Amino acid sequence: SGVRARRSVPRERRILLNRKYGAGGEGIDHKELKTWIANNPQEIGLEGIIGKEIEYVFRSGDIADIMFSISGNRYAIVEIETAWPFPGAYQALKYRVLKCAEEGLDIMSQDVEAILVSWSIPKEVRRFCEKYGIRFVEKKLRT
């Protein structure tokens, strides 16, 4: 049964990714920005990175775009949005709480940071992020 469980993980991951991105899959702009941020965390103010996981799968089945492990038992969850960032702001908030729960931390722990990266972030999204402690960064690879 151990072999079957290992084989089912990729299938489960495919199902979860399909749920996240839809039948059409991840857009090229989203994928490029996600890969760039994963490889250049210093560009969004992250230092002391000791590990990263793209498409981090939570125990709940939710998937964050990037999970960085940071020295001192800290984490940064990054959610990438290329078009309308409000759903990503909510996801970043949810992912911060989920990571706190996974680590047994208080859900307001300063050891887990949520970051929304988007091409542009309108005022109402900025206000939401400020209210709930989500850091936001505007970043576009091409103009």
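**Exercise 1. Elements of the chain**

How many helices and how many strands are there in the chain? Give their order as well.

Solution. The model is a predicted one. Step one is the count: the chain has four helices and five strands. Step two is the order, which from the N terminus reads α-α-β-β-β-α-β-α-β.

**Exercise 2. The chain as a whole**

State what share of the residues is buried, and what share of the contacts joins residues 24 or more positions apart.

Solution. Begin with burial: the chain has 143 residues, and 37% of them count as buried. Then turn to the contacts with a separation of 6 or more; residues 24 or more positions apart make up 52% of these.

**Exercise 3. The nonpolar cores**

Find the residues of the largest nonpolar core that touch the most other members, and name the elements that each supply at least two of its residues.

Solution. As background, nonpolar side chains in soluble globular proteins tend to be buried together. Here the largest nonpolar core has 14 residues. Those touching the most other members are I37, I44, L46, F68, V78, I115 and V117. At least two residues of this core come from each of α2 (28-39), β2 (63-70), β3 (74-81) and β4 (112-118).

With neighbours within four places in sequence set aside, the contacts of I115 include I44, L46 and V78. I115 also touches A76, I77, E79, I134, R135 and V137. Another core, of ten residues, lies apart from the largest one, and A92, V125, F128 and I134 are among its members.

**Exercise 4. One side of a helix**

Which residues of α2 are buried, and how are they placed around the axis?

Solution. First, the helix itself: α2 has twelve residues, and the distance from its first C-alpha to its last is 16 Å, close to the 16 Å expected at 1.5 Å a residue. Second, the buried residues of α2 are H30, L33, K34, I37 and A38. Third, they cover an arc of only 135° around the axis, so they lie on the same side of α2.

**Exercise 5. Salt bridges**

Give the number of salt bridges, then work through the pairs K34 and E55, K99 and E103, and E138 and R126.

Solution. In general, side chains of opposite charge can pair when their charged atoms come close. The count for this model is six salt bridges.

- K34 and E55: their side chains meet at 2.3 Å, N to O. K34 is in helix α2 and E55 in strand β1 (residues 49-57), so this pair ties together parts that are 21 residues apart in sequence. K34 counts as buried because its relative accessibility of 3% is under 20%. E55 is buried as well, at 7%.
- K99 and E103: the distance is 3.0 Å, N to O. They are four residues apart in helix α3 (residues 86-103), which means a separation of about one helical turn. K99 is buried at 5% relative accessibility, whereas E103 is partly exposed at 36%. K99 and E103 also belong to a network of salt bridges with E102.
- E138 and R126: the distance is 3.0 Å, N to O. E138 lies in strand β5 (residues 135-138) and R126 in helix α4 (residues 123-132), so the pair ties together parts that are twelve residues apart in sequence. E138 is partly exposed, at 42% relative accessible area, and R126 is partly exposed at 29%.

Definitions and conventions:
Residues numbered from 1 in each chain as written. Predicted model: local features only at pLDDT ≥ 70, side-chain atom pairs only at ≥ 80, totals over all residues. Heavy atoms only, no water. Buried < 20%, exposed > 50% of the residue type's maximum accessible area, 1.4 Å probe, protein only. Contact = heavy atoms within 4.5 Å. Core = buried A, V, L, I, M, F, W, Y, C linked by side-chain atoms within 4.5 Å. Expected span 1.5 Å × (residues − 1). Arc of directions from axis to C-beta. Salt bridge = Lys/Arg side-chain N within 4 Å of Asp/Glu carboxyl O.
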